[in-house]
Amino acid sequence: MTKINLIDYGFRPIEANDMPARVIATHRERYDLVCEYGEISAYLKTSIYYVEYPTEEFPTTGDFVLIQYNPIGESIIIKTLERKSEFIRSDGWSITGKQVIAANFDYVFIMASLNNDFNLKRIERYLTMAWQSRAVPVIILTKSDLVEDASEKLRAVERFASGVGVYAVSAVTGAGIDMLGEYLKPGKTIVFLGSSGVGKSSLLNALAGEEIMEVNVTRNVDASKGRHTTTYRQLIMLESGVMIIDTPGMRELGMFDASDGLSDVFADIENYLGKCKFSDCKHASEPGCAIKNAIQSGELSAARWQRYSELNKENSFSLKAKQARNKAISKFSKQLKKSRKDY
């Protein structure tokens, strides 16, 4: 049997007695992994992950883990290794209040279609959370073959995405695909993020040079809306050595502790904060408001300020919810320890 070198999958060697592996797909209770013996299936070790005080993060696609390898059956995941990057959204159903979509990637391809579904507000939200992930965001405007001229929308994105690569591409004609070459390096991992139908699977097929993902198209005049077929998060190794984490389209993308990401995306606005006449300025009707003055002079767009305010308010709410959740968990843990001691 030819052994697989996990370094080709982006693994950085560590000292460990157990076998390392990388999560390439997540299912409800089962994980698909790749280790030195190839692709295997595994489950979480119950006594480590399903306890009152778990110390291990539940793995997600892209994670590196340590396993107890079983050559004749299911292996067991015993540890989630430290992540270099992670894309997180809020999840009210989770104990932690968050859901980790993907981990250990180098680039975030934020994908938005150039057709009627084009939405600057949505792109700003993805960009904020992409910067928070600790990876490099790249904005991919898909379906350029469906518009006569993409330059206006391209400039609109570039105005707020300072320092971020923005590309208009078509998976149908191949236009713009060659411009992505600087990101497509062996050993690098790219996560595809975007709403349903933006063309994630189509772009993956174009990069692979073959149809490795099924793509469905809805019946309409211009075939501008795709119907996503990715139903779970999976990591795919291309022949070039590039790894793509494909994700299902997300209907909701709630903020989760994205303060740093907000500062990166809205640095122009935050430059005005703290420069108002009054330190407790609400940027509404107070005199000497730096934000109001910038809007009136045309230095700052009122629409952009509105979008920042909405995202900042949502992020503040998520931070308060996170603090309240941590406080409640801490209180419960103390009470549980005390009851056991008394017993």
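Buried means under 20% relative accessible area, exposed means over 50%, and partly exposed lies in between (1.4 Å probe, protein chains only).

## Basis of the model

This is a predicted model, in which local features need pLDDT of at least 70 and side-chain atom pairs count only at pLDDT 80 or more, while totals for chains, interfaces and linings use all residues. Residues are numbered from 1 along each chain as its sequence is written, and side-chain values use heavy atoms, with hydrogens and water left out.

## Overall architecture

The chain contains 8 helices and 15 strands. Helices (H or I, at least four residues) and strands (E, at least two) are DSSP runs, numbered from the N terminus. Of its 343 residues, 45% count as buried.

A contact means heavy atoms within 4.5 Å. Of the contacts between residues at least 6 apart in sequence, 64% join residues at least 24 apart. The accessible surface is about 18700 Å², and 49% of that belongs to carbon and sulfur atoms; the areas come from the Shrake-Rupley method with a 1.4 Å probe, and for residues only the protein chains shown count as cover.

## Nonpolar cores

A nonpolar core is a set of buried Ala, Val, Leu, Ile, Met, Phe, Trp, Tyr and Cys residues joined through side-chain atoms within 4.5 Å. In soluble globular proteins, nonpolar side chains tend to be buried together. The largest core here has 57 residues, and Phe87, Ile139, Leu141 and Val157 touch the most other members. Helix H2 (residues 120-132) gives the largest share of this core, 5 residues. Apart from this core lies another, of 21 residues, with Phe109, Met111, Leu180 and Val242 among them.

Leaving out residues up to four places away in sequence, Phe87 touches Gln99, Val100, Ile101, Ala102, Phe105, Tyr126, Met129, Ala130, Ser133, Leu193 and Leu253.

## The cavity

The structure holds 1 cavity of 30 Å³ or more. On a 1 Å grid over the protein atoms alone, a cavity is a set of points where a 1.4 Å probe fits but cannot get out, and lining residues have an atom within 4 Å of a point. Grid points are joined across faces, edges and corners, and a volume is the space filled by probe spheres set on the points. The largest cavity holds about 60 Å³ of space.

Its lining consists of Ile110, Met111, Ala112, Asp117, Phe118, Asn119, Arg122, Ile123, Tyr126, Gly194, Ser195 and Val198. Strand E8 (107-113) and H2 are the elements that give two or more residues to this lining. By type, the lining residues are 7 nonpolar, 3 polar and 2 charged. Here Ala, Val, Leu, Ile, Met, Phe, Trp, Tyr, Cys and Pro count as nonpolar, Asp, Glu, Lys and Arg as charged, and the others, Gly among them, as polar.

Ser85 sits in the loop between strand E5 (75-80) and strand E6 (86-90). Ser85 is buried, with a relative accessible area of 1%. Beyond residues up to four places away in sequence, Ser85 touches Ala102, Ala103, Asn104, Phe105, Ser133, Arg134 and Ala135. Ser85 and Gln132 are 47 residues apart in sequence, and their C-alpha atoms are 8.9 Å apart.

Among the residues touched by Ser85 are Asn104 and Arg134. Asn104, in the loop between strand E7 (98-103) and E8, is not a glycine but has a positive phi of about 60 degrees. Asn104 counts as buried, at 4% relative accessibility. Arg134 lies in the loop between H2 and strand E9 (136-142), and this non-glycine residue has a positive phi of about 80 degrees.

In helix H4 (residues 200-208), the buried residues are Lys200, Ser201, Leu203, Leu204, Asn205 and Leu207. These pack against E8, E9, strand E11 (189-194), strand E14 (234-237) and strand E15 (243-246). Gly209 follows H4 and has a positive phi, near 80 degrees.

Ala171 is in the loop between strand E10 (165-168) and E11, and is partly exposed at 33% relative accessibility. Not counting residues up to four places away in sequence, Ala171 touches Ser202, Leu203 and Ala206. Ala171 and Thr142 are 29 residues apart in sequence and 7.5 Å apart, C-alpha to C-alpha. Gly174 also lies in the loop between E10 and E11, and is partly exposed at 34% relative accessibility. The C-alpha atoms of Gly174 and Ser144 are separated by 9.7 Å, with the two residues 30 apart along the chain.

Technical notes. On a 1 Å grid over the protein atoms alone, a cavity is a set of points where a 1.4 Å probe fits but cannot get out, and a pocket is an open set with protein on both sides within 12 Å along at least five of seven lines; lining residues have an atom within 4 Å of a point.
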